[in-house]
Amino acid sequence: MNNYNESFRPKRGCFLGATTLAALAASWATAQAGDTLFTNSGFDADAAGWYWENWSAAGSTAAFDGANNSVVSGSPAASGSLKLVSAFTSASGYQQAVYTVPLAGPENYNGQIGAVSFDVKVDESSTTRADGDYGWLELVLRQGNNWDWVVLPGVRLNGNGWQRVTYQVPKDGVDSIRALTIKLGENDFLGPVTLNVDNIAYTTHPDDVVISNVDNGSVDVAPDGWTWENWSVQGLFSFDPADTHGRSTSGTIKLEHQFTSVPNGYQQSVFTYALPGGEVDAAKDYSFVNLDVKVDASSTPRASGDYGYFEVILRNGSGWDWLATEIDGASGTRFTDNEWHHLTLKLSPLASQVHHLTFKVGENGLLGPVTLNIDNLSFTRNTAPPPPPTMGFAKAQAGLSLVTTSNDQYGRHNIYTTDDLENPAKYSFVGVTEPVSYSFTLNSYPDATAYPGFQAHIFLVPGTPGTETSPDWNEPTLIFMDIKANAAGGGNATFRIKTDQAGNNTELYGGGDPHTTVNSAAILGTWTLTANGNIFTMTAPDGTVSDPIDIGDEAAAYFKGDGVSPLRVYFGVQPNGDANKGQSVSVGGVQIKKGAQVLAADNFTGNELDPTLWTPNATAGGVRFIPASEAGYVISWTVPDAGFEVQTSTSLKDPNWTKLEVTPVTVGQQRQVVVPPSAIPAGDEVYLRMYQPEPGAE
């Protein structure tokens, strides 16, 4: 509990500031490039106006110190600081020392001030607490006629070097600020603590909410909250004292991506940062995430002159879902120089439970290490409430649909043959004297002009793959029939293969590997991959057959079940673009044959997906099976949708709105749910709406 006297009035005398925010700035403050100094808060000649509040720790003092200052680029060569001597004793219990400077008149900070920051140093003569720190430092805005305390979130003081602290100012409730107060307090001080304070400044970006300005770091200590994702290319993170604005009390995060020279392959290195304030509903509260980023001059560019593709990803919910941010209509950007860049990235409307930010550099053809410096992370507040959801509905398609529900533009959505441990080589082509064929019938496909790059595929995967949806990346060995549409309504398929290359796909896409293609006048219909010994061909829906390709005995041996591990066959889709997420195909059937013998076949007209034949392999909702009797409607709505529910009524004249109990899945930028006919109220007319009940309402 704070022990203070809200009715206390300071003596009149010297004041900080003037009657307008514009007048608060010192003449040289623009050199800080991001902050504006309050008048005389560089303490160049005195500490006029500051005093100790004498109800706090007895004997404390506030004075000018001409011998200590925090150097800021562009500041006067001769300067000083505010010296605060907090005369704590070794008495047990809570103690606080409070220092205040009045403003010349009431100031309205509502919607005008984003944050207040200053440099602070603990003098080496100070006494640490038993926990090794020097107490809890808070900044207080004194509001209204009663000088009410608006306490900004504080920081714990450690170490004896200059450091910069930043305090977020609320957007409202600060319309009559009369003074600034600095308070140092904590339980169980053991003796006096002396602080030097310098360069008290503010930002005029009230909609920006500071995540981290990378203050208070040490080159010898790993920065808090950062991790390298150890499934990616080796990376190192550290504090770098090279600050964006040239401040000696702040710095940046250095991310070292230790790429090697792989001219024909893909590499990625990924780092993740925990939001210091915990989980946020970014979809409701914020519209953008901002940061400054620079590529270090020691980095190795690609042959094209850039340093790879840089992305900032939101990690959302208990599943740590990857939600892309957007810049200039894309999920990332490329840097071609070694200058600082300020990025503003649009947030996903799905980002309702964001707890971490992920920073990724990845690309084909990286030739060596790439080092980035990151600084000044912030969110931008929404200036208006997000719009309410809008609804849509369509007739549900009976049978099997593969729907790209993953937030990852490369998320695979498959079914695969259920493992048969008694006959693991059941679907293998190796050592078989008759042709073995794998067929995939497509009844619908996304328009190639609107959704270019969308992919359907057949994977043949030996060994013991797990439940991952991307065996073409994770598993070492695979044959891949890659099916895509073209703008004329036709399509093509490419034969790809890799052997003994886990966690990579350069063999699948490298120009020197054994590939063959087939073109078709139609994308819809049956696509077939046929193995005749080691020789493969592909047949398109219009009957066109590809040139044969011989994979050789050595490669073929990888695809035989070994008595324990089955050969799995996957049938699936992949969006290959953020704009393609949410698209789907309707599957007319799949079939696997050995000569004339049908090993597996399904046209998906039953009451469920047959678990003896097929295992779903996708994010929630990615494998959608609807029996004909349950093919009612697909209801969709936009996000964010927090607190909204679907309601139905059979009349608008005298409505009786009833909640429709549904469990939606996320599909692209929408929620979707399949509603069977039995769930729709009986009657000639049925109305649907999205409704947000009042909190606590039944």
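## Aspartate 207 and lysine 171

Aspartate 207 is partly exposed, at 21% relative accessibility in this predicted model. That value sits just outside the buried class, because buried means under 20%. Its salt-bridge partner is lysine 171. The closest N and O atoms of the two are 2.5 Å apart. Lysine 171 also counts as partly exposed, at 28% relative accessibility.

Where do aspartate 207 and lysine 171 lie? Aspartate 207 is in the loop between strand E11 (193–203) and strand E12 (208–212). Lysine 171 is in the loop between E9 and strand E10 (177–187). The pair therefore ties together parts that are 36 residues apart in sequence.

## Glutamate 363 and arginine 334

A salt bridge also joins glutamate 363 to arginine 334. The closest N and O atoms are 2.5 Å apart. Glutamate 363 belongs to strand E22 (residues 354–364), and arginine 334 to strand E20 (residues 333–334), so this pair ties together parts 29 residues apart in sequence.

Is each side chain's residue buried or partly exposed? Glutamate 363 is buried, with a relative accessible area of 13%. Arginine 334 is partly exposed, at 37%.

## A network around arginine 129

The whole structure holds 21 salt bridges. Some of them form a network that links Arg129, Asp131, Asp133, Arg156 and Glu186. One of the pairs is aspartate 131 with arginine 129, whose side chains meet at 3.6 Å, N to O.

Aspartate 131 is exposed, with a relative accessible area of 61%. Arginine 129 is buried, with a relative accessible area of 9%.

## Domains 1 and 2

Contact between them involves 12 residues of domain 1 and six residues of domain 2.

The size of an interface is often given as the accessible area lost when the parts come together. For domain 1 and domain 2 the buried area is about 660 Å². Carbon and sulfur atoms give 47% of that area. How many salt bridges cross the interface of domain 1 and domain 2? The rule finds zero. It also finds zero residue pairs in polar contact across this interface, with both residues at pLDDT 80 or more. On the domain 1 side, strand E9 (residues 163–168) gives the most, with three residues. By class, that side has four nonpolar, four polar and four charged residues.

Serine 287 is part of strand E17 (residues 286–295). It is buried, with a relative accessible area of 18%. Beyond residues up to four places away in sequence, serine 287 touches Leu345, Lys346, Leu347, Thr380, Arg381 and Asn382.

Serine 406 sits in the loop between strand E25 (399–403) and strand E26 (413–417). It too is buried, with a relative accessible area of 12%. A polar atom of its side chain lies 3.0 Å from the backbone nitrogen of aspartate 408. Leaving aside neighbours within four places in sequence, serine 406 contacts Gly411, His413, Lys581 and Thr619.

## Tryptophan 473

Tryptophan 473 is in helix H2 (residues 471–474). Which residues does tryptophan 473 touch, not counting those up to four places away in sequence? They are Tyr266, Gln268, Arg412, Lys498, Gln501, Ala502, Gly503, Asn504 and Asn505.

Proline 681 is 208 residues from tryptophan 473 in sequence. In space the two are 47 Å apart, C-alpha to C-alpha.

## The whole chain

The protein chain has four helices and 45 strands. Its C-alpha atoms fill a box of roughly 100 × 70 × 50 Å along the principal axes. Of its 698 residues, 51% count as buried.

Among contacts between residues at least 6 apart in sequence, 75% join residues at least 24 apart.

Note on methods. Residues numbered from 1 in each chain as written. Heavy atoms only, no water. Contact = heavy atoms within 4.5 Å. Buried area = accessible area lost by both parts, 1.4 Å probe. Salt bridge = Lys/Arg side-chain N within 4 Å of Asp/Glu carboxyl O. Polar contact = N/O pair within 3.5 Å; in protein donor to acceptor, adjacent residues only side chain to side chain. Helix = DSSP H or I, 4+ residues; strand = E, 2+ residues; numbered from the N terminus. Nonpolar A, V, L, I, M, F, W, Y, C, P; charged D, E, K, R; others polar. Buried < 20%, exposed > 50% of the residue type's maximum accessible area, 1.4 Å probe, protein only.
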